[in-house]
Number of protein chains: 2
Amino acid sequence: MKRYEDLSPSLRCIMTPGPVEVDPRVLRAMSFPVLGQFDPEFTGIMNETMEMLRELFVTDNQWAFPVDGTSRSGIEAAMVSLIAPGDRVLIPIFGRFGHLLHEIAERCGAEVLTLEKEWGCVFDPEEVIAAMKSFKPDIVAIVHGETSTGRVQPLAGIGRACREQDALLIVDAVATIGGVPVETDAWLLDAVIGGTQKCLSIPSGMAPVTYNARAEAKLLKRKRVERGLRTGEVQVEALDFVRSNYFDLGMLQDYWSPQRLNHHTEMTSMLYALREGLRLVLEEGLEARHARHALHEEALVAGLTAMGLKLYGDPQSKLTVVTCVLIPEGVDGEAVRTMLLERFGIEIASSFGPLKGRIWRIGTMGFSCRENNVLRLLGALEGALLRHGHAVPAGLGVQAALDVYDAKVR
Amino acid sequence: MKRYEDLSPSLRCIMTPGPVEVDPRVLRAMSFPVLGQFDPEFTGIMNETMEMLRELFVTDNQWAFPVDGTSRSGIEAAMVSLIAPGDRVLIPIFGRFGHLLHEIAERCGAEVLTLEKEWGCVFDPEEVIAAMKSFKPDIVAIVHGETSTGRVQPLAGIGRACREQDALLIVDAVATIGGVPVETDAWLLDAVIGGTQKCLSIPSGMAPVTYNARAEAKLLKRKRVERGLRTGEVQVEALDFVRSNYFDLGMLQDYWSPQRLNHHTEMTSMLYALREGLRLVLEEGLEARHARHALHEEALVAGLTAMGLKLYGDPQSKLTVVTCVLIPEGVDGEAVRTMLLERFGIEIASSFGPLKGRIWRIGTMGFSCRENNVLRLLGALEGALLRHGHAVPAGLGVQAALDVYDAKVR
C-alpha cells in the first residue's frame with residue numbers, strides 16, 4: 001500500500017481576491033475538539049453566531065445564519081428558495097459573477113431578463129430602475145462587488161425601487177462583506193449573501209446569509225417539511241415547493257430556530273472558524289475595518305502607479321478590495337504570476353473570459369490586507385517584471401507605498 | 001458593543017451515530033495556513049485526495065471527490081445530477097434516511113415508487129428485485145446503513161439486478177463508509193455517497209462521492225457549462241439540464257479534472273481534514289478498521305446485555321457501528337441522556353419519528369470507537385440508570401466488556 005506523506009502546505013502570501021490568508025486565531029479555532037450538533041453548548045454557539053452575523057450585515061433581520069457550503073451555496077439557497085419557476089427575474093450583469101446569477105436563475109426555471117454593462121463599469125441605479133419599470137420583475141438579483149472586474153455596484157437606489165415595485169432584491173455580497181460597507185437594512189436589501197474566504201478571512205466552506213420578513217414570507221409559502229420528520233398533522237403542500245432539500249431556507253431556518261428541526265449536521269469546525277472570524281471582525285469594528293481596507297488599497301495603488309503600471313476599469317466604481325492591473329504590453333502575465341508564486345511565495349490572480357491574459361487582479365482582503373504584505377508584493381512584482389525584461393523604475397513602488405503609510409497618523 | 005468570549009468548547013465523549021470525536025491529527029490539519037485554490041500545491045492535494053477516496057470506496061472509478069457540503073449535499077448532488085424530471089425512481093425505505101431519499105427524489109421531479117419495511121428490519125434483496133421487475137425503474141436509490149434504526153442493508157444482489165435491468169443504483173453509505181465494508185465495484189454500485197463525521201471521524205462539512213462510467217454517461221448528457229465561463233463554441237444544451245449549479249456533478253468533475261474549470265472555491269481547511277482523515281484510515285487499513293469496529297461493538301453489546309438491557313431490531317441486520325437499546329419501561333430516556341451529558345460528559349442519541357422516546361442509539365464510530373470510551377459509557381450508563389431508580393446489576397456491564405477485550409489476543 002502506498003504511504004501518504006504528512007500534510008505540509010507551504011506558507012504563502014495570498015494577494016488574490018480569495019481565498020486569502022487566515023488569522024492564526026481562526027485556524028486555531030478549527031483545531032478544538034468537536035461538540036455534538038444538539039449539545040446545548042453547540043446550539044449556544046449557533047445562536048451566538050447568528051447574533052454576530054446580524055451585526056456584520058447591519059440588520060435587525062431575525063434570520064442570519066450560514067448555509068453549509070462554499071459562497072455559491074448561499075447564492076443558490078437564496079435563489080432557489082425565493083425564485084419560483086416562472087418568476088420574472090431581472091439580472092444586471094457587469095462581470096462574471098452576474099453571469100453566475102443568470103445561470104442559477106435559469107436553473108430555477110425563472111423567466112430572466114439580463115442587462116449587460118461593459119466590463120469595467122457598473123450600472124447607474126437609474127438604468128436598473130428603468131428596466132424594472134418595463135419588465136416588472138418579481139426578483140432583482142445583483143452582484144455588489146464583482147471580483148472579476150474589480151467593481152462595486154451602488155445598491156441603495158435599487159433597494160428603494162424594489163420596495164416600491166414589490167420586487168425582492170437578492171444581493172451577492174460575497175466579495176464585499178467585511179471589507180466595504182454592506183448596509184442590509186439601510187439599503188433595503190431583502191436577501192444578502194456573504195462569503196467567508198474573502199474579506200472575512202475565514203477558510204472557504206460557509207456562506208452567511210440574511211433575509212428579511214418580506215423574503216421569509218415568500219419562501220415559507222414554498223417550504224416543505226421533510227418526509228420522515230413530519231408529524232401527525234396534515235401536510236399542506238405548496239405546488240411550487242422548493243426544488244432542493246439542501247437549500248430550502250425554510251427548513252434551514254427551522255434548524256437554526258429554537259425548534260432545531262433536524263436537517264443536515266452542522267459543520268462543527270467550520271462554525272468554530274466562522275464564530276472566531278466574526279469575533280475578530282466585530283472586535284476590530286466594521287468602520288475601522290473598512291478604513292483599513294481603504295488605506296492599504298491607497299498604498300497599493302500608489303505603489304503600482306509609481307511603477308508605471310495602469311489600472312483597469314472606471315475609477316469611479318473601483319472596488320476597494322480588488323485592484324485590477326493591466327498587464328503591460330509585451331509581458332507574459334502568467335509567467336510573471338508563476339514567478340511570483342514559485343520564487344517569492346506570493347499569489348496574485350488572473351481573470352476570466354474577456355479579461356484573461358489582459359489583467360492581473362490583486363486582492364487586499366481581510367487578514368491578507370496589511371502593510372507588510374503590500375510592501376512585499378510591490379517589491380516582488382518589481383523584481384519579477386525586471387526579470388521579465390520589462391523596464392520599471394527600481395525602488396519607486398515600495399517608496400510610494402511607504403509614503404502613503406507614513407503620511408497617516410499611525 | 002458586546003464583547004464575545006473566547007471559544008471554549010467542553011471535551012465530550014461522543015457515542016452517537018455522528019458527529020463523533022475527531023482524531024487530534026485531523027483537528028491539527030485544519031490549523032495549517034491555507035493555500036490558494038489554483039496553487040499547484042493545493043491541486044496536488046486535491047489529486048491525492050481523489051486517489052485516497054478510490055481506495056476508501058474500493059473502486060477503480062475515475063471519479064471520486066468530495067462535494068463541498070454536509071453529507072446530504074453529496075446525496076442531493078448524486079440524485080439531482082442523475083435523476084431527470086420524470087425518471088422512474090425506486091426507493092426501498094427502512095428508516096428515516098430512506099424517507100430523505102424519497103424527499104429529494106420528489107424535489108428532482110421523479111416518479112417515485114417506494115417500498116416500505118417495518119422499522120428495525122431490512123429488505124431481502126429479492127423483494128427489491130421483484131419490485132424492479134414490475135416498476136422498471138431508471139434509478140434505484142437506497143440507504144446502506146440506516147442510523148435511525150441501526151440496520152445495514154445487503155446490496156450486492158440489488159447491484160447485479162440494476163446492471164441487468166439497466167437501472168442506476170445510488171447508495172447512501174454515509175453511515176457505513178470507513179466502519180463496515182462498502183465494496184463499490186464488487187457490488188456493482190453506480191454512485192456511492194459517504195459521510196465524513198461518522199466512521200471517518202472527520203468533522204462534518206464534506207461529502208465524498210464516487211460514480212462509475214455508467215453514471216457519468218447519464219450526467220454528462222445533462223451537464224451545462226456555466227455562463228461566464230463558456231468559450232466560443234456553440235453551447236449544445238440539454239433540455240433536461242441539471243436544475244442545480246452547485247450540485248451539477250458534470251461541472252464538479254471538470255473542476256476536479258486537470259482542466260480545473262472554475263466552479264466553487266474548494267473548502268481548503270476541510271480538504272486538509274479530509275486528506276488527513278483518509279490518510280489515517282488507509283494507514284490503519286480497511287480490514288483492520290472494520291475488525292476494530294466489530295470488536296468494540298461486541299464489547300458494548302456484551303456490557304449492555306449484562307446490565308439487562310435489550311437491543312432493538314432484527315439481530316440479523318444489525319449495523320455494527322450503531323447499537324439501538326430499548327429504553328427500559330418506566331425510565332425517562334431523555335432524563336438519562338441529559339444526565340450522561342451534563343454529569344458524565346458523554347453524549348448518546350435518541351431517535352426519530354416512531355422510535356422517539358423508545359430507543360437510545362449508541363454509536364461506535366471511527367475515533368470514538370475505542371476501549372476506554374466503551375468502558376466509560378457502560379460505567380456511566382449504569383450510574384445514570386441507578387440514579388433514575390432503575391435496578392441494574394452493579395458492575396456487571398463493565399466486567400462483561402472487559403471479558404470480551406481480554407479474550408482477544410491483544
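**How the two chains meet**

Mentor: The contact draws on 86 residues of chain B and 86 residues of chain A. Keep in mind that this is a predicted model.

Trainee: How much area do chain B and chain A bury between them?

Mentor: Chain B and chain A bury about 7700 Å² between them, with 54% of it on carbon and sulfur atoms. On the chain B side, Tyr4(B), Leu7(B) and Arg107(B) lose the most area to chain A, together 13% of what that side buries.

Trainee: Why is it said that the copies meet through the same surface?

Mentor: Of the interface residues of chain B, 100% are also interface residues in chain A, so the copies meet through the same surface.

Trainee: Why is the pair of Trp63(A) and Phe65(A) called edge-to-face?

Mentor: The ring centres of Trp63(A) and Phe65(A) are 6.3 Å apart, and rings pair if their centres lie within 6.5 Å. Their planes stand at 75 degrees, and an angle over 60 counts as edge-to-face. The pair of Trp63(A) and Phe65(A) is therefore edge-to-face.

Trainee: What makes Trp63(A) count as buried?

Mentor: Buried means under 20% relative accessible area. Trp63(A) has 6%, so it is buried. Phe65(A), at 0%, counts as buried too.

Trainee: What kind of aromatic pair do Tyr246(A) and Phe247(A) form?

Mentor: Tyr246(A) and Phe247(A) form an edge-to-face pair, 5.3 Å centre to centre with 75 degrees between the planes. Both Tyr246(A) and Phe247(A) are buried.

Trainee: Which residues do ring pairs link into a cluster?

Mentor: Trp63(A), Phe65(A), Tyr211(A) and Trp256(A) are linked into a cluster by ring pairs.

Trainee: Where does Arg88(B) lie?

Mentor: Arg88(B) lies over the face of Phe135(B), 4.2 Å from the ring centre. Arg370(B) lies over the face of Phe367(B), at 4.6 Å from the ring centre.

**Two helices of chain B**

Trainee: Why is H4(B) described as largely enclosed by the rest of the structure?

Mentor: In H4(B), 12 of the 12 residues are buried, so the helix is largely enclosed by the rest of the structure. Among them are Arg96(B), His99(B), Glu103(B) and Arg107(B). Gly109(B) follows H4(B) and has a positive phi, near 85 degrees.

**Loops and backbone**

Trainee: What makes Lys136(B) count as exposed?

Mentor: Exposed means over 50% relative accessible area. Lys136(B) has 56%, so it counts as exposed. Lys136(B) is in the loop between helix H5 (125–135) and strand E5 (139–143) of chain B.

Trainee: Why is a positive phi worth a remark?

Mentor: Most residues other than glycine have a negative phi. Phi of Lys136(B) is near 50 degrees, and that of Ser201(B) is near 55 degrees.

Trainee: Is Ser201(B) buried or exposed?

Mentor: Ser201(B) has 4% relative accessibility, so it counts as buried. Ser201(B) lies in the loop between E9 and E10 of chain B.

Trainee: What kind of peptide bond joins Gly18(A) and Pro19(A)?

Mentor: A cis peptide bond joins Gly18(A) and Pro19(A), with omega about 0 degrees. The bond from Gly18(B) to Pro19(B) is cis, with omega near -5 degrees. Most peptide bonds are trans.

Terms used: Residues numbered from 1 in each chain as written. Chains lettered and ligands numbered in written order. Predicted model: local features only at pLDDT ≥ 70, side-chain atom pairs only at ≥ 80, totals over all residues. Heavy atoms only, no water. Phe/Tyr/Trp six-rings, centres within 6.5 Å; stacked < 30°, edge-to-face > 60°. Buried < 20%, exposed > 50% of the residue type's maximum accessible area, 1.4 Å probe, protein only. Lys NZ or Arg CZ within 6 Å of the ring centre and 35° of its normal. Contact = heavy atoms within 4.5 Å. Buried area = accessible area lost by both parts, 1.4 Å probe. Helix = DSSP H or I, 4+ residues; strand = E, 2+ residues; numbered from the N terminus.
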